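Subject: Structure for you to look at

Hello,

Here is the structure I promised. Please open it first, then read my notes below.

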Amino acid sequence: MINWRSSYAFALPRDDQSRWSEAKLILGSFLIILLIGTLFLVQPSSHNGEVTFVNALFTATSAISVTGLGVVDTGTAFTLQGQIFLLMLMEIGGLGQMTMTLLLIAMFSKRVGLRQQVLAKEALGQEGSVNIIQLVKRIVLFAFVAQLIGTSIMAIRWVPEMGWVHGLYVSFFHAVSAFNNAGFSLFANNLMSYRDDPLISLTIAGLLILGGIGFTVIVDVVRNRRWRKLKLHSKLMLVMTPALLLIGTLMFWLLEHNNSSTLGSTGLSGQLLAAFFQSASARTAGFNTIDIGQMVPASLLFMMMLMFIGAGATSTGGGIKVTTFAVVLLATKTFLTKRPHVTAFGRTLSSQIVTRSLAIIIVSAMVLMLAMFMLMLTEDLPFDKIMFETISAFATVGLSTGITASLSETGKLILVLVMICGRLGPLTLAFMLARPVATRIKYPEEGVYTG
């Protein structure tokens with residue numbers, strides 16, 4: 001996903017035109033891949049007769065946006081060919097179409113244009129002089145190695161249960177789905193059968209966290225190694241990620257440990273394991289080891305907040321991003337303490353970054369409100385379930401209370417648009433619709449009563 005920098009708001013007209021063109025290129029390439037994926041999935045050889053064009057479009061969108069919402073059972077509705085197509089879409093969606101394009105160009109020894117390098121640097125959050133081709137190769141290698149390690153660990157459980165061939169395939173499918181934060185599972189009940197299995201739960205959770213922390217942070221940590229040398233973005237991610245995991249684990253355990261339909265039927269260690277897994281999955285992945293539809297309303301509300309926050313920028317996850325949430329918290333603290341500047345770890349955040357973070361939240365909220373309103377017109381479903389499903393789609397999480405398959409075709413198409421918007425980023429689409437016009441005019445200041 002393109003990582004729009006704070007500088008775009010005050011760029012020169014020529015830069016505005018360039019940004020607008022880049023946004024169109026990103027959207028266009030995304031839609032082309034989506035169309036190709038849909039056409040592959042709708043082929044009779046890709047499914048077992050249960051997949052209509054709308055369902056194929058929904059599934060392809062869910063895969064390339066690494067959401068995981070499903071209108072059919074992935075393990076039974078799709079043939080091996082269809083499941084392999086889904087794997088490819090998840091890889092492209094997780095690593096990013098620009099990353100995969102550069103990799104293919106490099107593999108065939110073609111010259112990479114300056115514009116492609118700039119787009120890739122934006123997408124991967126890189127600044128200054130950097131060998132982008134070498135960086136892309138390392139990122140892709142890291143992703144595949146992580147997925148192979150995850151496959152090997154889960155194969156310890158699934159090969160004895162299913163045999164070598166099928167066990168390895170199921171392990172690889174879930175490793176790819178987990179690292180890319182996609183949430184697709186070959187099991188009808190997702191991972192509920194493995195709620196008390198630490199090997200499966202911790203391996204999946206580890207892949208989710210690794211994929212969701214962001215390639216920018218991984219590159220920064222590998223390069224610099226020492227805390228004081230890390231970029232501010234990396235420090236915020238490395239502090240906020242475990243904090244959100246811990247808060248989520250404690251909240252889910254407190255709210256659900258007496259609920260016999262979720263955590264109440266297992267011991268303390270099993271409860272904490274399931275609570276931790278759901279905390280890791282809630283912010284971006286879509287896997288579940290407990291029945292989401294049976295959770296208490298307070299848990300669902302808290303889960304919606306985690307989904308809205310999402311994962312890290314330049315990661316395989318969605319949401320408004322952890323750093324966006326962190327910046328807004330820091331800005332709020334600065335206002336309440338009447339300090340002149342927003343600071344963190346001895347660094348000052350520019351007003352442009354703060355404004356951008358607020359804009360992301362506002363635009364995201366507007367998209368969600370519009371989508372919820374439209375779904376309430378087309379679907380006869382409770383408000384809380386529509387709200388949960390919409391936030392899950394927008395944040396590319398994929399958790400569901402069980403209503404996705406029962407949506408009308410219009411409702412499914414609405415969620416398709418929501419998933420696309422969530423994956424590309426609301427500001428990317430807003431930037432296309434509202435082309436900035438640079439101006440040097442400064443008007444007199446005047447106060448407005450607020451709050």
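How many nonpolar, polar and charged residues are in the lining of the second largest pocket? The lining has 11 nonpolar, 15 polar and two charged residues. Here Ala, Val, Leu, Ile, Met, Phe, Trp, Tyr, Cys and Pro count as nonpolar, Asp, Glu, Lys and Arg as charged, and the others, Gly among them, as polar.

Some ground rules. This is a predicted model, where local features need pLDDT of at least 70 and side-chain atom pairs need 80 or more, while totals for chains, interfaces and linings use all residues. Residues are numbered from 1 along each chain as its sequence is written, and side-chain values use heavy atoms, without hydrogens or water.

The whole chain

The protein chain has 18 helices and two strands. These are DSSP runs, numbered from the N terminus: helices are H or I with at least four residues, strands are E with at least two. Of its 451 residues, 55% count as buried. Buried means under 20% relative accessible area, exposed over 50%, and partly exposed in between, using a 1.4 Å probe on protein chains only. Now the contacts (heavy atoms within 4.5 Å). Among those with a separation of 6 or more, 71% join residues 24 or more positions apart.

The core

The largest nonpolar core has 113 residues. Such a core is a set of buried Ala, Val, Leu, Ile, Met, Phe, Trp, Tyr and Cys residues joined through side-chain atoms within 4.5 Å. Ile-204, Met-303 and Met-307 have the most contacts inside it. Beyond four places in sequence, Met-307 touches residues including Phe-388, Ile-391 and Leu-399.

Helix 11 covers residues 232-256. Its 25 residues should span 36 Å, and its end C-alpha atoms are 36 Å apart, so the two agree. The expected span is 1.5 Å times one less than the number of residues. Buried residues of helix 11 include Met-237, Leu-244 and Phe-252. What covers its buried residues includes helix 9 (198-212), helix 12 (268-282) and strand 1 (342-344).

Thr-241 is in helix 11. Thr-241 is buried because its relative accessible area is 6%. Leaving aside neighbours within four places, Thr-241 contacts Ile-209, Ile-213 and Arg-283.

In helix 10, the buried residues are Phe-215, Thr-216, Val-217, Ile-218, Val-219 and Asp-220. Arg-225 follows helix 10, with a positive phi near 65 degrees.

Val-170

Val-170 sits in helix 8 (residues 164-179). Val-170 has 2% relative accessibility, so it counts as buried. Beyond four places in sequence, Val-170 touches Trp-158, Met-162, Leu-186 and Phe-187. Leu-186 is 16 residues away along the chain, yet the two C-alpha atoms are separated by 7.2 Å.

Pocket and cavities

Both are found on a 1 Å grid over the protein atoms alone. A cavity is a set of points where a 1.4 Å probe fits but cannot get out. A pocket is an open set with protein on both sides within 12 Å along at least five of seven lines. Lining residues have an atom within 4 Å of a point. Points are joined across faces, edges and corners, and a volume is the space filled by probe spheres set on them.

The second largest pocket has a volume of about 530 Å³. Of its 28 lining residues, the closest to its centre are Gly-70, Ala-188, Asn-190, Asn-288 and Ser-400.

There are two cavities of 30 Å³ or more. The second largest cavity has a volume of about 60 Å³. Its lining includes Thr-241, Ile-209, Ile-213 and Arg-283.
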